[in-house]
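I opened this notebook to record what I looked up in the model, one topic at a time. The sequence and the coordinates come before my entries.

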Amino acid sequence: MARPTSRVLTLLELLQSGGIRTVAELADRLGVDGRTVRRYVDHLVDLDIPVEAVRGRYGGYRLAPGYRLPPLMLNDDEALAVLLGLVAGRRTGLLTATETAGETAGETAAAKIRRALPERLARRLDAVMESLAFTAPPGESATPETGVLLAIADAVRHHRPVSIRYTTRDGRRSERTLHPYGIVTHAGRWYVTGADPEIGQDRTFRLDRIADARTLPGSFEPPAGLDPAQRVLSGLAKAAYRHEVTLRIHGTVEQIRTRLPAGVASVEEPALAEGTDPHTERWLHVELRAERLDWLPPVLASLDRPFVIERPDELRDLVIALADRLATSARKA
């Protein structure tokens, strides 16, 4: 069982993460009742840590704005984990777009951590960072603004609507209200998925295309059993592009997903008779949208599964042309 001192420190960590924490939330996280939470808060106040009580429907406790906690004490494993996380985030585009004097927030944070470390540990971590190499090139940079990310994340947590200013792929700008369900990262980009109350439909937006996000009064109730990641993948697979492709592929969902992931194509499984093994190979209906078709014939060939092209005819011609080139190359001595 955790000792009271341990729980008080855990409470401090929860408050340090920012925002308002309700008594019910803190009690659940600490495994105590509401009265004990209030007693732990009093302990923090006695230590001159300014914990504020916030009244109202969404009230609870928070740290006073502007309060700075003492420096973090990291052991070897923790320091290495933080620095490697910053490097990985920078390469995959999963850091915010904030820059200071030409450096990203990740770069300045890594430099501050490096300066604060004991020389012995700093030299060891320098050795790791200098010897580290990556086989994949850095990801495409499409990072959101820090203020936008934090505002939407807070709205997701507290189920509050937000007003966003958005620029579409073709440059059209609009301001709309969104009930955000969740933030999802996919292929080096950040997305927010939620409901647009004006049109009564679910929408997905890229965070790097949002110029401003403001929390609005009121609240909403997200759908039960919500899976934001799956909603984003489904939305990407059905996004409007130049070509609509319909296929029938003989195989299993797992086999198809090795080359056509959920963010690229939707796979429709026919109803199975009772007692049928779901992993049995069968004809599956596959749909996807693409701006170009030239990448698709090699993908279908690499699947090594029987397939039928229902549309478009242009794809059928491209597959035949690829087959002819392969056959010609194979016959060469």
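**Ground rules.** I am working with a predicted model, in which local features need pLDDT of at least 70 and side-chain atom pairs count only at pLDDT 80 or more, while totals for chains, interfaces and linings use all residues. Residues are numbered from 1 along each chain as its sequence is written, and side-chain values use heavy atoms, with hydrogens and water left out.

**Whole chain.** I looked up the secondary structure and found eleven helices and 13 strands in the protein chain; helices (H or I, at least four residues) and strands (E, at least two) are DSSP runs, numbered from the N terminus. Of its 333 residues, 33% count as buried, where buried means under 20% relative accessible area, exposed over 50%, and partly exposed in between (1.4 Å probe, protein chains only). I then took the contacts between residues at least 6 apart in sequence, and 63% of these join residues at least 24 apart; contact means heavy atoms within 4.5 Å.

**Five-stranded sheet.** I traced an open, antiparallel sheet of five strands in the order β8-β7-β6-β5-β9, counting two strands as paired if DSSP finds at least two bridges between them. Its edge strands are β8 (201-206) and β9 (210-215), each of which pairs on one side only. Neighbouring strands here are turned by 45° against each other on average, direction ignored; axes are lines fitted to C-alpha atoms, for helices over the stretch in contact, and angles run from 0 to 180 degrees between N-to-C directions. Strand β5 (residues 162-167) pairs with β9 in the antiparallel sense over five bridges, and in this pairing R165 stands opposite D212 of β9. I also noted that helix α8 (residues 228-237) packs on the sheet, where it touches β6 (173-186), β7 (189-196) and β8, with its direction at about 115° to that of β6.

**Four-stranded sheet.** I found another open sheet with antiparallel pairing, its four strands in the order β11-β12-β10-β13. Since β11 (265-268) and β13 (307-311) stand at the edges with a single partner strand each, one side of each is left without a neighbour in the sheet. I followed β11 along its pairing with β12 (residues 282-290), which is antiparallel and runs over four bridges: A265 stands opposite L288, and V267 stands opposite V286.

**Helix pair.** Helix α1 (residues 4-16) packs against helix α2 (residues 23-30) at an angle of about 130°, with their axes 10 Å apart. In α1, R7, T10, L11 and L14 meet L26, R29 and L30 of α2. By class, this contact has four nonpolar, one polar and two charged residues.

**One residue.** I checked D76, which lies in helix α4 (residues 76-92). Is D76 buried, exposed or partly exposed? It counts as partly exposed, because its relative accessibility is 26%. Beyond residues up to four places away in sequence, D76 touches R120, L121 and R124. The C-alpha atoms of D76 and R124 are separated by 9.1 Å, although these residues are 48 residues apart along the chain.

Conventions:
Ala, Val, Leu, Ile, Met, Phe, Trp, Tyr, Cys and Pro count as nonpolar, Asp, Glu, Lys and Arg as charged, and the others, Gly among them, as polar.
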